[in-house]
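Subject: Structure for your files

Dear colleague,

Here is the structure I said I would send. My notes on it follow below the model.

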Amino acid sequence: MITVYVNGTARQLADDCNITRLVDELGYSGKRIAIECNADIVPRSLYAQHILHDSDRLEIVGAVGGG
Amino acid sequence: MNDHLIIAGKSYSSRLLVGTGKYKDFAETRTALDASGAEIVTVAIRRTNLGQNPNEPSLLDAVPPSKFTYLPNTAGCYTADDAVRTLRLARELLDGHSLVKLEVLGDPQSLYPNVIETLSAAKTLVSEGFQVMVYTSDDPIIAKQLEDIGCVAIMPLASLIGSGMGILNPWNLQLIMDRVKVPVIVDAGVGTASDAAIAMELGCAGVLMNTAIAGAKDPVLMASAMKMATAAGRAAYLAGRMPKKLYSASPSSPTAGIIASVRS
């Protein structure tokens, strides 16, 4: 198991988990989101090949109302 | 009349840009946006709420990006770095959309822009191909520097964000408009319809507001008032107002042919 931080919250994942699987576990498949891993953008097209590592810090964002 | 607002080569028929925050629900947001006639709407980029049901209605359903031009902002960012990261996320989120609103704040009490961080973020974003509409102070020198960097619109505050204090320094807005060629859009401080009209009469290319509409007792009615005020102010600017003169009386009715006075 590895521990990653999603939006600041620790989350246990299986070894060799990719971002597609994480997105699926979070219920975000098909949702309009954007993901940054360790301060770098991960393009949607690379979710499947992006393997997560222990201590990775992910930011998952969406659009909300704002001025 | 063909009088469109042109930003980064794209034409918009409305000169009113509005925010999507602070409404009571998404339905009210949409009704107010429709009443305002705005085509460009600002949105914020925030962490998804991990505990929340992912199928709950979202802003994107109520305000579809296919119908409105999204202007993702960097509200809440206090460093150039955070602002740049936020807009890279926005571009990924919105399928490569590059028109953005940059704002880097100085402190949480005033929300006054930190122009040093703003200049730095603008340089990075322009070099990465973003089309940057930039919120800034009403300093004409900084405004010119932001234009020189390549920002596509300069958006000075008229007074503090969310204050509703109106156009506090029209002369500085004039100095900015005298110096920059890209559209100057008043962003922040508008409180009511006359403020929007004043900004437009000064010659601003547009006005951007959120709280003035969302914070009104009847946001939808205020949205329509803002639409009319923006259009009225623009028309007055194009018409060219009469010169102000304190005396030099010039009656509108003929001075000849007045009946004789009976008093001697």
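Read from the N terminus, the elements of chain A come in the order β-β-α-β-β-β. That makes one helix and five strands (helices are DSSP runs of H or I with at least four residues, strands are runs of E with at least two, both numbered from the N terminus).

The model is predicted: local features need pLDDT of at least 70 and side-chain atom pairs count only at pLDDT 80 or more, while totals for chains, interfaces and linings use all residues. Residues are numbered from 1 along each chain as its sequence is written, chains are lettered from A and ligands numbered from 1 in the order in which they are written, and side-chain values use heavy atoms, with hydrogens and water left out.

The C-alpha trace of chain A spans about 40 × 25 × 20 Å along its principal axes. Of the 67 residues, 43% count as buried (under 20% relative accessible area, with a 1.4 Å probe and protein chains only). Among contacts in chain A with a separation of 6 or more, 51% are between residues 24 or more positions apart (contact means heavy atoms within 4.5 Å).

In chain B, start with strand β10(B), residues 206–209. In a regular strand the side chains alternate between the two faces of the sheet. Both faces of β10(B) are covered: G206(B) and L208(B) are buried on one side, V207(B) and M209(B) on the other. Strand β3 of chain B, residues 16–19, pairs with β10(B) in the parallel sense over three bridges (pairing needs at least two DSSP bridges). Strand β9 of chain B, residues 185–187, also runs parallel to β10(B) and is joined to it by three bridges. L208(B) has L17(B) opposite it, and D187(B) also stands opposite L208(B).

Helix α1 of chain B, residues 26–36, holds E28(B). E28(B) is buried, at a relative accessible area of 15%. Beyond its neighbours within four places in sequence, E28(B) contacts Y23(B) and P219(B).

Two charges sit over rings (NZ of Lys or CZ of Arg within 6 Å of the ring centre and within 35 degrees of the ring normal). R91(B) has its charged end over F130(B), 3.8 Å from the ring centre; for K101(B) over Y135(B), the distance is 5.7 Å.

Regards

Terms used:
Buried means under 20% relative accessible area, exposed over 50%, partly exposed in between (1.4 Å probe, protein chains only).
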